Amino acid sequence: MAQLFDEAELLDRVDNDVAFLADTVQMLETDGRALMLQLNAAVTSSDAAAIGRTAHTLKGMISNFCAPSIQTLALEVEKASDGAAAAAASAKLEPELEALIVELAAFVRA
């Protein structure tokens, strides 16, 4: 399975400070999952403004982890033109975000 993030770029980005990286991964675990719940609620209620804001915040958070494919999925949610498109894009994003969190957590533990 291909890695969801660029390990070398990520380590370079944090100047090989694994303790700092572990802290940021913990924030992604907590805040990223909370934002995904908020995004799902916004999609369910068809709140376009909240969808855009929440997806934008998630996209920015994900960008810190050198995971461009998942960042692109968040962008797709942010740019979705209607509720159905946002729901479809969000449904793709959620499992990928969770996989990224799991993979990053395993990486910092190793």
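Contact here means heavy atoms within 4.5 Å, and the legends below use the word in that sense for a model that is predicted.

Figure 1. With a relative accessible area of 16%, Lys59 is buried, because buried means under 20% relative accessible area. Leaving aside the neighbours of Lys59 within four places in sequence, the residues in contact with Lys59 are Gln71, Ala74, Leu75 and Glu78.

**Figure 2. The predicted model as a whole, built from helices.** The protein holds five helices and zero strands, and from the N terminus on its elements run α-α-α-α-α. The radius of gyration of the protein is 14 Å, close to the 13 Å that the globule rule gives for 110 residues, so the protein is as compact as a globular protein of that length. Along the principal axes, the C-alpha trace spans about 40 × 25 × 20 Å. Of the 110 residues in the protein, 40% are buried. When contacts between residues at least 6 apart in sequence are considered, 66% of them join residues at least 24 apart.

**Figure 3. Helices α3 and α5 where they pass each other.** The crossing in which α3 passes α5 is left-handed. On the side of α3 the contact is made by Ile51, Leu58 and Ile62, while α5 contributes Ala86, Leu93, Leu97 and Leu100. Sorted by class, the residues of this contact of α3 with α5 comprise seven nonpolar, no polar and no charged.

**Figure 4. Helices α4 and α5 and the residues at their meeting.** The axes of α4 and α5 come within 8 Å, and they cross at roughly 155°. Because angles over 145 degrees count as roughly antiparallel, this crossing makes α4 roughly antiparallel to α5. The crossing of α4 and α5 is left-handed. From α4, the residues Ile70, Leu73, Ala74, Glu76 and Val77 meet Ala86, Ala89, Ser90, Lys92, Leu93, Glu96, Leu97 and Leu100 in α5. The contact of α4 with α5 has nine nonpolar, one polar and three charged residues.

**Figure 5. Ala74 and Thr72, two residues of helix α4.** The place of Ala74 is in helix α4, and Thr72 is found in helix α4 (residues 68-79) as well. Ala74 is buried, with a relative accessible area of 0%, whereas Thr72 is partly exposed, with a relative accessible area of 40%. Leaving aside neighbours within four places in sequence, Ala74 is in contact with Ala55, Lys59, Ile62 and Leu93. From C-alpha to C-alpha, Ala74 and Pro95 are 12 Å apart in space, and they are 21 residues apart in sequence. The C-alpha atoms of Thr72 and Leu93, which lie 21 residues apart along the chain, are separated by 9.1 Å.

Figure 6. Ser90 lies in helix α5 and is buried, with a relative accessible area of 3%. Not counting residues up to four places away in sequence, Ser90 touches Met36, Leu39, Asn40, Val43 and Val77. Of these residues, Val77 is also listed among the residues of α4 that meet α5, where Ser90 is one of the residues on the α5 side.

**Figure 7. Asp15 and Asn16 in the loop between α1 and α2.** Asp15 is found in the loop between α1 (7-13) and α2 (18-44), and the place of Asn16 is in the loop between α1 and α2 too. Most residues other than glycine have a negative phi. Asp15, although it is not a glycine, has a positive phi of about 55°, and Asn16, which is not a glycine either, has a positive phi of about 60°. Asp15 is exposed, with a relative accessible area of 67%, and Asn16 also counts as exposed, at 55% relative accessibility.

How values were computed
Residues are numbered from 1 along each chain as its sequence is written. This is a predicted model: local features need pLDDT of at least 70, side-chain atom pairs count only at pLDDT 80 or more; totals for chains, interfaces and linings use all residues. Side-chain values use heavy atoms; hydrogens and water are left out. A crossing is left-handed if the near helix is turned anticlockwise from the far one by less than a right angle, and right-handed if clockwise. Helices (H or I, at least four residues) and strands (E, at least two) are DSSP runs, numbered from the N terminus. Ala, Val, Leu, Ile, Met, Phe, Trp, Tyr, Cys and Pro count as nonpolar, Asp, Glu, Lys and Arg as charged, and the others, Gly among them, as polar. The radius of gyration is taken over C-alpha atoms; the globule rule is 2.2 Å times the number of residues to the power 0.38. Buried means under 20% relative accessible area, exposed over 50%, partly exposed in between (1.4 Å probe, protein chains only). Axes are lines fitted to C-alpha atoms, for helices over the stretch in contact, and angles run from 0 to 180 degrees between N-to-C directions. Angles under 35 degrees count as roughly parallel, over 145 as roughly antiparallel, 65 to 115 as roughly perpendicular and the rest as oblique.
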